[in-house]
Amino acid sequence: MLTIGQKFPQFSKTAVVSLEKGKEFETLTSEYLVNDDNVWTVMFWWPKDFTFVCPTEIAEFNKNYGEFRDRETRLIGASTDSEFVHAAWRRDHDDLRDLKFPMLADTSKSLAEDLGILEPTEKIAYRATFIVDPTGIIRWVSVNDLSVGRNVKEVLRVLDGLQTDELCPCNWEKGQETLTV
């Protein structure tokens, strides 16, 4: 699995960005992650569309979209399902209709494989979360078992800590003092 300090892999994938007819899809590339505007990226993966735990996580990320935006951070959700399955799921599920971030489709499973998060038996992505800095370097990785949803508040807490570029003690939260050496 790729880890902290490594470059996020190159990719070019279709993503669902809207439910408006004719504007549903866009191509996202790894170039989107690298920028001079100091914009970070959080890419989170789920195993399968039309499941039970996954929409709870996606909805929670969407509920906290403003928190990520306030931190100059883009959100990208992803799975190995197709863009057409993503679009159908968004139309079908009340909590997913108004998503404010793209749903990346990795139907070839190449990006999940490059990241090292492809479950070996079913060939679906683990519940992986990557925080990527504006230079395209992975700064945090978290992977949950398929049956356990992640904690979005913890992703925000770690993002806050990374963005201070300082030493943050255990249980540190934004607004608290960092460590001095």
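User: What should I know about the model before we start?

Analyst: It's a predicted model, where local features need pLDDT of at least 70, side-chain atom pairs count only at pLDDT 80 or more, and totals for chains, interfaces and linings use all residues. Residues are numbered from 1 along each chain as its sequence is written, and side-chain values use heavy atoms, with hydrogens and water left out.

User: Why is Cys-54 called buried?

Analyst: Buried means under 20% relative accessible area, exposed means over 50%, and partly exposed is in between (1.4 Å probe, protein chains only). Cys-54 comes in at 2%, so it counts as buried.

User: What makes strand 3 and strand 4 a pair?

Analyst: Strands are DSSP runs of E with at least two residues, helices are runs of H or I with at least four, and both are numbered from the N terminus. Two strands pair if DSSP finds at least two bridges between them. Strand 3 (residues 40-45) and strand 4 have 6 bridges in the parallel sense, so they pass. In that pairing, Thr-41 stands opposite Arg-74 in strand 4.

User: Which sense do strand 4 and strand 5 pair in?

Analyst: Strand 4 and strand 5 (residues 103-105) pair in the parallel sense over 3 bridges. Ser-79 stands opposite Ala-105 in strand 5.

User: Why is strand 4 described as largely enclosed?

Analyst: Of the 7 residues of strand 4 (residues 73-79), 6 are buried, so the rest of the structure largely encloses that strand.

User: What makes strand 2 and strand 7 edge strands?

Analyst: The open sheet has 7 strands in the order 2-1-5-4-3-6-7, with mixed pairing. Strand 2 (25-29) and strand 7 (138-144) are the edges because each pairs on one side only. Strand 1 (residues 12-16) and strand 2 pair in the antiparallel sense over 5 bridges, with Lys-13 opposite Leu-28 in strand 2.

User: Why is Asp-165 called exposed, while Lys-109 is called partly exposed?

Analyst: Asp-165 sits at 65% relative accessibility, so it counts as exposed. Lys-109 has a relative accessible area of 25%, so it's partly exposed. On the backbone side, Lys-109 has a positive phi of about 65° although it is not a glycine, and phi of Asp-165 is near 60°, also positive in a residue other than glycine. Lys-109 is in the loop between strand 5 and helix 4 (110-115), whereas Asp-165 lies in the segment after helix 5.

User: What about His-93: where is it, and how accessible?

Analyst: His-93 is in the loop between helix 3 (83-92) and strand 5. At 22% relative accessibility, it counts as partly exposed. His-93 and Pro-55 are 38 residues apart in sequence and 8.3 Å apart in space, C-alpha to C-alpha.
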